[in-house]
Amino acid sequence: MTTIEVDKAGDVAVLKLAHGKANAMDTELCRELVARLEEAELGGAKGVVLTGRDGMFSAGVDLKRVAAGRAGYLREFLPALSDAFLAVFGFPGPVVAAVTGHAIAGGAVLAAACDRRILNERQGRFGVTELLVGVPFPLVALEILRCAYGTERLPGLTFLGETYAGREALSRGLVDELAAPAEVLPRAIETATRLASVPSDAFRHTKAQIHRPFDERIGEQRAGDDAHVERVWSAPSSLAAIEEYVRTTLGG
């Protein structure tokens with residue numbers, strides 16, 4: 001099943017998440033995102049725009065799938081989730097998020113993995129809410145958030161789990177600019193095209209240097225942290241909290 005629609009705008013590959021109403025992240029979406037980014041790079045795309053449907057970028061992890069699949073599902077899903085974040089974060093050319101609507105939890109991390117973020121000024125909230133569900137962030141997600149927003153801001157972003165719309169998201173530096181609903185995608189393509197006009201070797205090296213301390217921490221610590229995060233997510237108390245969140249908040 002196709003979960004990502006692919007288009008081109010000149011030298012820019014446009015990847016549109018098209019996976020149910022909420023673009024919830026499951027194993028299939030994560031694996032396809034990795035594959036589509038690899039194809040874009042091999043196909044010569046100099047930049048990427050990552051976008052969603054009107055009013056919804058991504059609501060984050062598909063917690064209904066987690067509640068149904070429990071520990072067995074988490075064993076395959078959590079590594080796939082981190083791999084998807086890393087595929088966006090590590091794409092050598094510019095990646096711009098056209099945040100067409102809500103970007104919540106894993107959806108916000110996905111946007112943070114991009115080099116620039118353009119948010120729908122009229123519809124959509126942005127924030128990282130995993131701790132409200134009762135589960136921790138994987139290391140890859142935290143390092144991507146640290147790269148995008150800085151260490152000093154991580155506690156406020158993660159502990160409180162608040163979401164912000166429009167001008168407040170912009171004033172807090174969560175996104176780089178706002179655009180009218182019809183202009184979010186065109187503006188993202190314009191930005192990606194402009195960044196892709198920088199000589200590719202220079203851009204690639206600069207991006208790698210910016211990412212280096214975060215990539216190094218991920219390389220050194222991911223294996224141990226991933227194992228711990230899987231244990232916490234799979235614990236009976238965590239699964240009970242997820243099931244309660246699905247029942248009371250998601251209506252599942």
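**Figure 1. The structure holds 18 salt bridges.** A salt bridge here is a side-chain nitrogen of Lys or Arg within 4 Å of a carboxyl oxygen of Asp or Glu. Please keep in mind that this is a predicted model, in which local features need pLDDT of at least 70, side-chain atom pairs count only at pLDDT 80 or more, and totals for chains, interfaces and linings use all residues. Residues are numbered from 1 along each chain as its sequence is written, and side-chain values use heavy atoms, with hydrogens and water left out. Among the salt bridges is a network that links D26, E28 and R65.

**Figure 2. E243 and R70 form a salt bridge.** The closest N and O atoms of the two residues are 2.3 Å apart. Because E243 belongs to helix α10 and R70 to helix α2, their contact ties together parts that are 173 residues apart in sequence. Helices are DSSP runs of H or I with at least four residues, strands are runs of E with at least two, and both are numbered from the N terminus. E243 is partly exposed, its relative accessible area being 33%, and R70 is partly exposed at 33% as well. For these labels, buried means under 20% relative accessible area, exposed means over 50%, and partly exposed lies in between (1.4 Å probe, protein chains only). R70 has one more feature to look at: its phi is near 55°, a positive value in a residue other than glycine. As a reminder, most residues other than glycine have a negative phi.

**Figure 3. D83 and R222 meet through their side chains in a salt bridge.** The N to O distance is 3.1 Å. D83 sits in helix α2 and R222 in helix α9 (residues 200-234), so this pair ties together parts that are 139 residues apart in sequence. What is the relative accessible area of R222? It is 16%, and R222 is therefore buried. D83, with 36% relative accessibility, counts as partly exposed.

**Figure 4. R217 and E143 make a salt bridge with their side chains.** Here N and O are 2.8 Å apart. With R217 in helix α9 and E143 in helix α5 (residues 139-149), the pair ties together parts that are 74 residues apart in sequence. Is E143 buried or exposed? E143 is buried, at a relative accessible area of 2%, whereas R217 counts as partly exposed at 27%.

**Figure 5. The largest pocket has a volume of about 570 Å³.** Its lining is made up of 25 residues, and A22, A59, V61, Y245 and L250 are the ones nearest its centre. The elements that give two or more residues to this lining are α2 (63-89), β6 (101-104), α4 (130-133) and α10 (236-250). By class, the lining holds 14 nonpolar, 7 polar and 4 charged residues. Ala, Val, Leu, Ile, Met, Phe, Trp, Tyr, Cys and Pro count as nonpolar, Asp, Glu, Lys and Arg as charged, and the others, Gly among them, as polar. A pocket is an open set of points on a 1 Å grid over the protein atoms alone, where a 1.4 Å probe fits and protein lies on both sides within 12 Å along at least five of seven lines; lining residues have an atom within 4 Å of a point. Grid points are joined across faces, edges and corners, and the volume is the space filled by probe spheres set on them.

**Figure 6. L131, F159 and L160 form a nonpolar patch on the surface.** Together these residues have about 320 Å² of accessible area, computed by the Shrake-Rupley method with a 1.4 Å probe, and for residues only the protein chains shown count as cover. Patches are made of residues with over 30% relative accessible area and no salt bridge; like charges are joined within 9 Å, and nonpolar side chains (Val, Leu, Ile, Met, Phe, Trp, Tyr) within 5 Å. F159 belongs to helix α6 (residues 154-160) and counts as exposed at 59% relative accessibility.

**Figure 7. N23 has a positive phi, near 50°, in a residue other than glycine.** Where does N23 lie? N23 is in the loop between β2 (12-17) and α1 (27-42). N23 counts as buried, with 0% relative accessibility.

**Figure 8. A97 and A108 are two buried alanines.** A97 is placed in strand β5 (residues 95-99), and its relative accessibility is 0%. From A97 to I210, 113 residues apart in sequence, the C-alpha to C-alpha distance is 18 Å. A108 is part of helix α3 (residues 106-112), with a relative accessible area of 0%.
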